[in-house]
Amino acid sequence: MEYIKPLPIGVEFYKDMVSEGYYYVDKTLLIRDILAQKSKVTLFTRPRRFGKTLAQSMLKTYFEKEILPDGTAVDNSVYFNGKKIMEAGEEYTKHMGQYPVIFLSLKSAKQPSYDIAYEKIKESVTNEFIRHRYVLEGDALLPLQKERYNLFMEQKARLPEYATSLLFLSDCLVQYHKQKAVILIDEYDVPLENAYFEGFYDKMVSFIRSLFESVLKTNKNLGFAVITGCLRISRESIFTGLNNLEVVSVLDENYAEYFGFVQDEIDDMLDAYGIQDRSDEVKQWYDGYFFGNTDVYNPWSLINYVKDIVYKNTNFPKPYWSNTSSNSIIRELVEKADDITRRELEELVAGGAIEKPVHEDITYADIYKSQDNLWNFLFFTGYLKAVDKKFESDTSYFVLKVPNKEIRSIYKNKISEWFDEKIKVADFSRLYNAVVDGDAKVFEDCLRKQLYGSISYMDSAENFYHGFLLGILGGLQGYDIFSNRESGEGRYDILLKPYDERKAAVIIELKRAQRFTEMEGMCQKALQQIEDKHYDAELIDEGYMLVKKYGICFCKKSCMVMING
């Protein structure tokens, strides 16, 4: 077998990416643009699994004057041989390996309580102090500073000291290196999102605000900083007074090509693995994001897809991104949906669009204050895309759609889960009695009520209605339920066979109408089909004497039920 580069699933460290020979989509010109634009503090917000951590690791590898605990300097230039940044010119390459770097990931702060989350942040801070412990050698630091430094390494510092820990570490690094520090903070919003859902948001916001303000706001030792996360949090929550902050969100064209894969990169990857014929499928499933005006593919899903296809783990696309987070925000949207939101969800999942005002400055605490905030959250975290923009009275309105088939499948799965759980606790006794007693009117009334409160998605409308009815009938006691089985001269839709042969068996044939005026004719057609195809042949052979035959026609959120037998 011809050698092909391994695909970097879950590889987040740039050095590993290069040294272990993984397929790497070269994003090193991000370094050039950061240097050229000279922003003091840059916040990049992108959806999960769009390469933010790898980008931060690359920046660390490039800029850091890395020194091992024994004082040995590390030459990291080898990791950039042949990369695009090396052709950018001496103005940019002269910065390689010149700065002390603080690299802090807050990913581990996703914990069930504030105390545990705080301890995890402390551990991350401690690891950075330990990584730079070479500064304790020699006379660069005063004895008092060394004593304080050791408190952080031993995790014995007090809460107020941890709130300014990064400022202190930057002081120590600058004293040692005689060069301002580069500060990289990854997954900055993980503690905040988690704290909101776990119920200690205000307390976490207070700590993160102190941590960030001290090191980013008035820090004379700051060269520049890059922060990455999923959501732009309002300045009032954690970036109060940080006037040197540049936010680069999914709305901005600036830096758009550095997170996710653009079309040329996709074409090169598919070509490298000999699956160019999959390009249309890849586009339908994993494309559809727009950062500014740049069309971007989901890198996590694409890499997983290519690996599964190349190694024949599957022959079909999968929703890989759905497994990277809880997707709890969609569940919240579905569970709390009012009539208007249900209709909007149906429109989106069916491939349509909705128009909403867009506000970048929100907090997690604001998400559920209005339905618009929830739609905004879904947009900025990658569950929706903007296909058009309008400006009215100083407000931006975006026309939003579901980006691709992968995200659409996430919506559908969450809707299905919600419906399944909803019917488990619902009382369908009135409907069940109507079905077995032959009361078509009550059966119809009950179905209409459930349809009205449901959220539909129309891959195949008849399949949706079929699954909808099967889900409801699943709780009927004393009956076996069969679907799409052969009987007589065809396949019935649904058959209910009682354990007690003295009770009525039930055959149901479903139809779907485009117009309400067609429903009665469709019901009659369904009943005639039961007779013409002899769907009751199986029941007659087994000796069932009573058979209720229903023709049901669905049209949008309405239905009609007719009975024969």
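His534 sits in the loop that links helix H22 (519–532) to helix H23 (537–542). Helices here are DSSP runs of H or I with at least four residues, strands are E runs of at least two, and both are numbered from the N terminus. This is a predicted model, where local features need pLDDT of at least 70, side-chain atom pairs count only at pLDDT 80 or more, and totals for chains, interfaces and linings use all residues. Residues are numbered from 1 along each chain as its sequence is written, and side-chain values use heavy atoms, with hydrogens and water left out.

Most residues other than glycine have a negative phi. His534 has a positive one, near 55°, and Lys38, not a glycine either, has a positive phi of about 55°. Lys38 lies in the loop between helix H2 (29–37) and strand S1 (41–45).

How well covered are these residues, and a few others? Buried means under 20% relative accessible area, exposed over 50%, and partly exposed in between (1.4 Å probe, protein chains only).

| Residue | Relative accessibility | Class |
|---|---|---|
| Lys38 | 70% | exposed |
| Asp271 | 47% | partly exposed |
| His534 | 39% | partly exposed |
| Cys230 | 4% | buried |
| Cys553 | 0% | buried |

Asp271 belongs to helix H12 (residues 263–272). Together with Asp264, Asp267 and Asp268, Asp271 makes up a negative surface patch. Patch members have over 30% relative accessible area and no salt bridge, with like charges joined within 9 Å. A salt bridge would be a side-chain nitrogen of Lys or Arg within 4 Å of a carboxyl oxygen of Asp or Glu. Asp and Glu count as negative, and the place of an Asp charge is taken as CG.

Now for the cysteines. How many disulfides are there? The count is zero, taking a disulfide as a pair of cysteine sulfur atoms within 2.5 Å.

Zooming out, the protein has 23 helices and 17 strands. Its C-alpha trace spans about 100 × 55 × 50 Å along the principal axes. Of the 565 residues, 55% count as buried.

Terms used. Patches are made of residues with over 30% relative accessible area and no salt bridge: like charges are joined within 9 Å, nonpolar side chains (Val, Leu, Ile, Met, Phe, Trp, Tyr) within 5 Å. Accessible areas come from the Shrake-Rupley method with a 1.4 Å probe; for residues, only the protein chains shown count as cover.
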